[in-house]
Each structure stands twice: as structure tokens, then as C-alpha cells.
Amino acid sequence: MIALGYEDKRTIARRIAAEALPALLAGDAQAEQDFLAHCEGAGDSLGFMLVRRALTREGRALSPQWEAVSLALQNGVIQA
């Protein structure tokens, strides 16, 4: 297993967020589920925060699953 440095993790989180955002803005429910599963499973709090901020700036309502994933990330819970 290759250990990723801090900068690598940040770069990957930003890339995943940028790739997910257009589909989420378009209301793609499957993309939302996939993105949230990624964030929770990988512990990607940066990607989660970037996308959540972008969605709320666009006035998008977030499903209750966003709060659940937020709490899991805050508690350091990583789903396998």
C-alpha cells in the first residue's frame, strides 16, 4: 500500500469534488449517493465540505443524508 502525503490527499479530494459537482448541481440522485458514500467511506471531509459549500451557495437544499455523513466525518467514522 502506498501512503499518500497530505498534499496528495488534498489534491485528490479537490479533484473528486470538482468531478462530482456538475452532476450534483444537475440533481443526479445516484451521483449524490455515490459521492456521499465516497466521502464517508474514505473519510474525505475536504471533498465533502467543498461540495456542500458549493451546493448551499447555489441555494440547493441538502438531503438528511448530508447531515448523517457530516456527523460521521466529525466523529471519524469510516465505513468499509
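## Aromatic cluster and helix packing

Trp66 counts as buried because its relative accessibility is 3%, where buried means under 20% relative accessible area, exposed over 50% and partly exposed in between (1.4 Å probe, protein chains only). The model is predicted, so local features need pLDDT of at least 70 and side-chain atom pairs count only at pLDDT 80 or more, while totals for chains, interfaces and linings use all residues. Residues are numbered from 1 along each chain as its sequence is written, and side-chain values use heavy atoms, with hydrogens and water left out.

The chain has 4 helices and 0 strands, in the order α-α-α-α along the sequence. Helices (H or I, at least four residues) and strands (E, at least two) are DSSP runs, numbered from the N terminus. Of the 80 residues, 28% count as buried. Among the contacts in the chain with a separation of 6 or more, 62% come from residues 24 or more positions apart; contact means heavy atoms within 4.5 Å.

**Aromatic pairs**

There are 2 aromatic pairs in the structure. Rings of Phe, Tyr and Trp (its six-membered ring) pair if their centres lie within 6.5 Å, and planes under 30 degrees apart count as stacked, over 60 as edge-to-face and the rest as tilted.

| Pair | Centre to centre | Angle between planes | Class |
|---|---|---|---|
| Phe35 and Trp66 | 6.1 Å | 35° | tilted |
| Phe48 and Trp66 | 5.2 Å | 40° | tilted |

Since Phe35 lies in helix α2 and Trp66 in helix α4, their pair ties together parts that are 31 residues apart in sequence. The pair of Phe48, in helix α3, with Trp66, in helix α4, links distant parts of the chain that are 18 residues apart. Phe35 has 3% relative accessibility and therefore counts as buried; Phe48 and Trp66 are buried as well. Through these ring pairs, Phe35, Phe48 and Trp66 form a cluster.

**Packing of α2 with α4**

The axes of helix α2 (residues 29–42) and helix α4 (residues 64–74) come within 9 Å and cross at roughly 10°. Axes are lines fitted to C-alpha atoms, for helices over the stretch in contact, and angles run from 0 to 180 degrees between N-to-C directions. The two helices, α2 and α4, are therefore roughly parallel to each other (angles under 35 degrees count as roughly parallel, over 145 as roughly antiparallel, 65 to 115 as roughly perpendicular and the rest as oblique). On the α2 side the contact is made by Glu32, Gln33, Phe35, Leu36, Cys39 and Glu40, and on the α4 side by Gln65, Trp66, Val69, Ala72 and Leu73. This contact of α2 with α4 has 7 nonpolar, 2 polar and 2 charged residues. Ala, Val, Leu, Ile, Met, Phe, Trp, Tyr, Cys and Pro count as nonpolar, Asp, Glu, Lys and Arg as charged, and the others, Gly among them, as polar.

**Packing of α3 with α4**

Helix α3 (residues 45–57) packs with α4 at an angle of about 145°, their axes 11 Å apart. To this contact α3 gives Ser45, Phe48, Val51, Arg52 and Leu55, and α4 gives Trp66, Val69, Ser70 and Leu73. By class there are 6 nonpolar, 2 polar and 1 charged residues in the contact of α3 with α4.

**Ile12 in α1**

Ile12 is placed in helix α1 (residues 6–25). With 31% relative accessibility, Ile12 counts as partly exposed. The C-alpha atoms of Ile12 and Asp44 are separated by 9.4 Å, and these residues are 32 residues apart along the chain.
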